[in-house]
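Colleague: I have just opened this one and would like a guided look. Could you walk me through it, starting with whatever term I will need along the way?

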Amino acid sequence: IEQGQTKMAAALTADENKRVHWAEGDITDYTLPTDLPLLDAAICMGNVLNHLPTLTLVEGLANATYTALRPGGLFLFDTDEWQTFKRVILPLIMPS
């Protein structure tokens, strides 16, 4: 956590024009402030999706993210293994 807080502080300092909305919180229960415009992109790195313990939490994160994006906005994420992607992420972005 301390490393994350140090990185967040450095990012906030570097963002002189305030063009980025930096957020820190519980990913299982997070909503963006309603006064923000729709986002061009959302980034979720560090294999976070693999650490969510249930499909319901992954779906909640995906739904909250897509709701916050402008049409054509990007949701960038990583996953550490193909099986996790195939089992959890792929059904969300390409329902059968």
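Modeller: One term first: a polar contact is a pair of N or O atoms within 3.5 Å, where, within protein, one atom must be able to donate a hydrogen and the other to accept it. Please also keep in mind that this is a predicted model.

Colleague: Okay, where does that term come in, and which backbone oxygen lies 2.8 Å from a polar atom of the Thr65 side chain?

Modeller: The oxygen belongs to the backbone of Leu61, and a polar atom of the side chain of Thr65 lies 2.8 Å from that oxygen. Thr65 itself is part of helix H3.

Colleague: Is Thr65 buried or exposed?

Modeller: Thr65 is buried, because its relative accessible area is 11%, and the cut-off for that word is under 20%. Once neighbours within four places in sequence are left aside, Thr65 is in contact with Ala42 and Phe75.

Colleague: Let me step back a bit: what is the order of elements along the protein chain?

Modeller: Starting at the N terminus, the order is α-β-α-α-β-α, which comprises four helices and two strands.

Colleague: And which residues make up the largest nonpolar core?

Modeller: That core has twelve residues, namely Leu39, Ala42, Cys44, Leu49, Leu52, Val58, Leu61, Ala68, Leu69, Phe75, Phe85 and Ile89. Two or more of them come from each of strand E1 (39–44), helix H3 (55–68), strand E2 (69–77) and helix H4 (82–93).

Colleague: Where is Leu52 found?

Modeller: Leu52 sits in the loop between helix H2 (48–51) and H3, and Leu52 counts as buried because its relative accessible area is 10%. Not counting residues up to four places away in sequence, Leu52 touches Ile27, Thr28, Leu57, Val58 and Leu61.

Colleague: Last topic, the whole chain: how many of its residues count as buried, as a percentage?

Modeller: The share is 21% of the 96 residues. The protein chain exposes about 7300 Å², of which carbon and sulfur atoms supply 57%. Among the contacts with a separation of 6 or more, 62% are between residues 24 or more positions apart.

Note on methods
Residues are numbered from 1 along each chain as its sequence is written. This is a predicted model: local features need pLDDT of at least 70, side-chain atom pairs count only at pLDDT 80 or more; totals for chains, interfaces and linings use all residues. Side-chain values use heavy atoms; hydrogens and water are left out. A nonpolar core is a set of buried Ala, Val, Leu, Ile, Met, Phe, Trp, Tyr and Cys residues joined through side-chain atoms within 4.5 Å. Buried means under 20% relative accessible area, exposed over 50%, partly exposed in between (1.4 Å probe, protein chains only). Contact means heavy atoms within 4.5 Å. Accessible areas come from the Shrake-Rupley method with a 1.4 Å probe; for residues, only the protein chains shown count as cover.
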